[in-house]
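Hi there,

Here is the structure I promised to pass on to you.

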Amino acid sequence: MTLKIEPILCRQGTMNNYAYVIIDENSGVSAIVDASEADPIVQYCEQCSVIPKYIFTTHHHFDHIGGNMELKEKYGLKIVASDIEKHLIEGVDIALKSGDEFAFGESKIQIISALGHTKGHILYYFADEKVLFTGDVLFNLAIGGLFEGTPEEMFASLEKIKQFPDDVNFYPGHEYTEYGLQRLLHNPTDENMKYLQVAVRRLQQGKSVAPITLGLEKKCNPYLKIDSLKDFVRLF
Ligand code: ZN
Ligand code: FE
């Protein structure tokens, strides 16, 4: 693993978004995933002498792109987004389609469309490093709202995510874990208790609950545990 990932909590106390500063340690190239707001990201970058080269945007909602233009001006970076949503996001330089691959330092990123939350939502997958950025499709113990999509589309996106290897670490767009913790307590399986322990410890230390492996998430996230479309649609 040569990819360093630093979660930056943004819009703290309201939306609790995560921006992630990612650094390919072999090449020194760095980027931001979902620049929610500029200030906390700039603060981290200055502290660690990081000059990000890209912003990778998962989708067009304001809480995921609010820092884009300020950071673009400050660092001269390139904004990467889905070609389906490029008209909704100011300053996009590189528009990518599902199935595209993007070179980032010595890493390769796969672009994967995952609909349900918005019409052009994409995931960024680092296959070699086994890292998946899930934006507002998959959260810890929860999923994103259906703003521009159908339950069928969301189900298909989650099925896609379930196909990734169990040892992939995922990084969501918000810190929403606490809403799901109560439910774990009511169903004290070994996996749920393990999840609870890890989550509470990290939250108490002021850290993000991410990363959690997809293997553990599949066993504990109530939405990922549903295997039939019929049962899934019934939730909405
Ligand atoms: Zn969103
Ligand atoms: Fe969001």
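**The metal site**

Along the sequence, the residues that donate to the zinc ion (ligand 1) follow the spacing H-x1-H-x55-H-x18-D. Donors here are N, O and S atoms within 2.8 Å of the metal (3.2 Å for Na, K and Ca), and water is not among the atoms, so sites may look incomplete.

Before we go on, please keep in mind that this is a predicted model, in which local features need pLDDT of at least 70 and side-chain atom pairs count only at pLDDT 80 or more, while totals for chains, interfaces and linings use all residues. Residues are numbered from 1 along each chain as its sequence is written, chains are lettered from A and ligands numbered from 1 in the order in which they are written, and side-chain values use heavy atoms, leaving out hydrogens and water.

Which atoms hold the zinc ion (ligand 1)? They are NE2 of H59, ND1 of H61, NE2 of H117 and OD of D136, at 2.2 to 2.3 Å. The angles between these four donor atoms run from 87 to 169°, which makes the arrangement irregular. For four donors, tetrahedral would need all angles between 85 and 135 degrees; square planar (four donors) or octahedral (six) would need opposite donors over 155 degrees apart and all others between 65 and 115; anything else is irregular.

D136 also bridges the zinc ion (ligand 1) and the iron ion (ligand 2), which lie 3.1 Å apart. H61 sits in the loop between β4 (54-56) and α2 (62-65), and D136 in the loop between β10 (131-135) and β11 (138-139), so the pair ties together parts that are 75 residues apart in sequence. Helices (H or I, at least four residues) and strands (E, at least two) are DSSP runs, numbered from the N terminus. H61 counts as buried because its relative accessibility is 15%, and D136 counts as buried at 4%. Buried means under 20% relative accessible area, exposed over 50% and partly exposed in between (1.4 Å probe, protein chains only).

**The sheet and its helices**

Six strands make an open sheet in the order β1-β2-β3-β4-β5-β6, with mixed pairing. Its edge strands, β1 (3-10) and β6 (92-96), each pair on one side only. Two strands pair if DSSP finds at least two bridges between them. Strand β5 (residues 78-82) runs parallel to β6, and four bridges join them.

Helix α1 (residues 38-47) lies across β1, β2 (17-24) and β3 (30-33), at about 140° to β1. Axes are lines fitted to C-alpha atoms, for helices over the stretch in contact, with angles from 0 to 180 degrees between N-to-C directions; contact means heavy atoms within 4.5 Å. The buried residues of α1 are A38, P40, I41, V42, Y44 and C45, and their cover includes β1, β2, β3 and α3.

**The aromatic rings**

How many aromatic pairs does the structure hold? There are 17. Rings of Phe, Tyr and Trp (its six-membered ring) pair if their centres lie within 6.5 Å; planes under 30 degrees apart count as stacked, over 60 as edge-to-face and the rest as tilted. The ring centres of Y54 and F56 are 5.6 Å apart with planes at 25°, so this pair is stacked. F56 and F104 form an edge-to-face pair, 5.8 Å centre to centre with 80° between the planes. Both F56 and F104 are buried.

Enjoy exploring!
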